[in-house]
Amino acid sequence: MSEELLAPVRNRMLQAKNILLATHLKPDGDAIGSTLGVAEFLKSLNKTCSVLLPDGIPELYSLQEYEYLTALPEDIAAYDLVILLDTAVPQRAGFAKDGGVPACVTDRLQLIDHHPDNPAYGKWNLLDHRAATAEMAFALCESFGKPLPESSVNFFLMGLLTDTGGFRFDNTDPAALRSGARLLEYGANLNKVVNKIYFSKPYAQQQFEAELLDKYLFWTCNKRVAWSVVTQELLDKYAFDLRNAEGVIDQLRAIAGTEVVAIISRRNGNSYRISMRSKNPARPVIDMARKFNGGGHAMAAGMSMNFNSFEEASAFFEREVKCLFSAEELKEFA
Ligand SMILES: [Mn+2]
């Protein structure tokens, strides 16, 4: 990112006396990593800042104990800058449990985001097509020319690793790898971060995933498409929190021969979430997500929709996913 883009954001941060940081609801590794990475850096500059996380921090991303707000502070006027990270659409902004950007922050809202479909709804918008928002936040903090605390670079590394699947996903480019190298040069603790996000899976989750693959896996298109439905019954059986489920879809992706995979889960009432991943650049999933008011990236996208049952959601997905295959291919499968 050019100095031209970074300098105004940096100056805003330097001039602000009290900064509020927020990210999207149901935060993932990049959301938590980019937000807390900036917060830790601001603290090292002796800046006053607060982090707002109405959904809290999933255990999977708790690199350290952290104090944060769960509701918008009443004295919002006391914050002269509000930074919202990794949030592609305003409806998903985590200022309150039900999402959205409150009117009282719009005149001081700085966005930092890497999603290609971000409509630039901030007063100021730092947008770029990088692998992770954490990469952009890191570049921004680095541009201050000050030391970066270990806690800060650890959080940025977590965001970079989770959004690139440990440098395995298609968004891994030379810039992402260089960011990883620089984070290690700044003293990021790879062992600590990797052990936390990849090698700390609770045994109950392993059992949950085993049963999901055994009993709730469906196929179509000659086994090139696989999807699972996450029922409340199964979640209850293993006391599993869906917020820790980011890695579950990778179990499907890892199956030989699959090209497009999905997890269907129920949010509440009739609201279902369909999360999709593609392994084949010729079959991007983003268009299907956008068609139904969702979003994401070419190879990782999702949408929320209303259905009456898992059966209905499954039938919908099976029908729509076939649009990613040609008529000849579908004839072959039949
Ligand atoms: Mn992200």
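# Exercises on a predicted model

With 334 residues, a compact globule would have a radius of gyration near 20 Å, and the protein chain agrees with this, at 20 Å. The model is predicted.

**Exercise 1.** Describe the overall make-up of the protein chain: its helices and strands, its box and its buried share.

*Solution.* 
Step 1. Count the elements: the protein chain has 12 helices and 11 strands.
Step 2. Take the extent along the principal axes: the C-alpha atoms fill a box of roughly 65 × 40 × 40 Å.
Step 3. Turn to burial, where a residue counts as buried if 20 or more other C-beta atoms lie within 10 Å of its own. Of the 334 residues in the protein chain, 42% are buried.
Step 4. Look at contacts with a separation of 6 or more: residues 24 or more positions apart account for 65% of them.

**Exercise 2.** Work out the strand order of the open sheet and the direction of its pairing, then find its edge strands.

*Solution.* 
Step 1. Read across the sheet: its 5 strands come in the order β2-β1-β3-β4-β5, and the pairing is parallel.
Step 2. Look for strands that pair on one side only: these are the edge strands, β2 (48-52) and β5 (124-127).
Step 3. Take one pair in detail. Strand β1 (residues 18-23) and strand β3 (residues 81-85) run parallel and are joined by 5 bridges. Within this pair, Leu21 has Ile83 of β3 as its bridge partner.

**Exercise 3.** Determine which residues of helix α7 are buried, which on its other side are exposed, and what the buried ones pack against.

*Solution.* 
Step 1. Check the length: α7 (residues 203-215) has 13 residues and reaches 18 Å from its first C-alpha to its last, close to the 18 Å expected at 1.5 Å a residue.
Step 2. List the buried residues of α7: Phe208, Glu209 and Leu212.
Step 3. Look down the axis of α7. The buried residues fall within an arc of 95°, so they line one face of the helix.
Step 4. Turn to the other side of α7, where Tyr203, Gln206, Ala210, Asp214 and Lys215 are exposed.
Step 5. Find the neighbours: the buried residues of α7 pack against β7 (225-230), α8 (232-237) and α9 (248-253).

Technical notes:
Residues are numbered from 1 along each chain as its sequence is written. This is a predicted model: local features need pLDDT of at least 70, side-chain atom pairs count only at pLDDT 80 or more; totals for chains, interfaces and linings use all residues. Two strands pair if DSSP finds at least two bridges between them. Helices (H or I, at least four residues) and strands (E, at least two) are DSSP runs, numbered from the N terminus. The expected span of a helix is 1.5 Å times one less than its number of residues. A residue is buried if 20 or more other C-beta atoms lie within 10 Å of its own, exposed if 12 or fewer, and partly exposed in between; C-beta atoms are placed from the backbone. The arc is that of the directions from the helix axis to the C-beta atoms. Two residues are in contact if their C-beta atoms, placed from the backbone, lie within 7 Å. The radius of gyration is taken over C-alpha atoms; the globule rule is 2.2 Å times the number of residues to the power 0.38.
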